[in-house]
Amino acid sequence: MRGALLGRDRIMSAAAESAGEFSAAEIEAGRRLFAGEWNFLSAAGSLESLPPMAGPEVAFAGRSNVGKSSLINALTGRRALARTSNTPGRTQELIFFGRGDVGGAGATGRPVVVVDMPGYGYAAAAKSKISAWTRLIHDYLRGRATLARVYLLVDSRHGLMAADERILQTLDEAAVSYQIVLTKCDRIAASELAERLASVQTQLKRRPAAYPIVLKTSAQTGAGIAELRAAICRLLQERG
Ligand SMILES: Nc1nc2c(ncn2[C@@H]2O[C@H](COP(=O)(O)OP(=O)(O)OP(=O)(O)O)[C@@H](O)[C@H]2O)c(=O)[nH]1
Ligand SMILES: [Mg+2]
């Protein structure tokens, strides 16, 4: 397949592959960023109750039950920092987490805040709740100047779905940088995972604010977690 790529596509593909790789030093910097004591900072059910903007934030968004809270627990090494559940609709507010030690200073010397978001596409909740969450999610994503990147989680078994369209549109329109992270990779065969990754990356080509590399993770096995930490660390360094 790779041999079939020609010219610009081939160069782009090579650049994308190298940008998706991390040196041992970057993996270590990512580990250090997420080591230490992570704590709950605050929760916001409305725009008015958002904490004041301070250091850079990275937010985890995606369909209900895709594994946002589980991934945050895997990143921070705390099994029950973010609340997880088998039932969709577990996280019902924007939840802010930070490092308790050294003010949470990361590689840039500034604290990084991790934001767990309510899921979308959950039809069983009350209509009024769904519309309130939807408004909160979209307002936060559009209006938060300190938001360094959104990690948009996608179940590796399903790929991008119709329910993801609205958030992709908001992020592209607001020019908020986002990266797709495949979750639950322990649930599918390696060959299927490679196909899903390629097809999602192809779908992103026409998305202006999407980072072209898709990450693969499993909160269950820990696969891809060190790379996601390194990616966040690199992002913070690039932002300066
Ligand atoms: N096999 C497997 N299951 C996972 C993984 N990550 C999450 N899960 C399971 O998926 C379910 C949902 O996980 P959550 O982390 O609560 O999902 P969420 O996206 O935060 O859900 P909402 O807050 O309801 O939007 C739970 O039963 C988790 O145990 C994973 O990497 N592998
Ligand atoms: Mg959750």
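**Close-up views of a predicted model**

View 1. The model is predicted: local features need pLDDT of at least 70 and side-chain atom pairs count only at pLDDT 80 or more, whereas totals for chains, interfaces and linings use all residues. Residues are numbered from 1 along each chain as its sequence is written, and chains are lettered from A and ligands numbered from 1 in the order in which they are written. Alanine 175 lies in the loop between helix H5 (165-174) and strand S6 (178-183) (helices, H or I of at least four residues, and strands, E of at least two, are DSSP runs numbered from the N terminus). Although not a glycine, alanine 175 has a positive phi of about 55°.

View 2. Lysine 184 is found in the loop between S6 and helix H6 (190-204). Lysine 184 is buried, with 22 other C-beta atoms within 10 Å. Its phi is positive, about 55°, although lysine 184 is not a glycine.

View 3. Seven strands form an open sheet of mixed pairing in the order S1-S3-S4-S2-S5-S6-S7 (strands pair if DSSP finds at least two bridges between them). Strand S1 (38-44) and strand S7 (215-216) stand at the edges, each with a single partner strand, so one side of each is left without a neighbour in the sheet. S6 and S7 pair in the parallel sense over two bridges. Lysine 216 in S7 is the bridge partner of leucine 182.

Methods
Buried ≥ 20, exposed ≤ 12 C-beta atoms within 10 Å, placed from the backbone.
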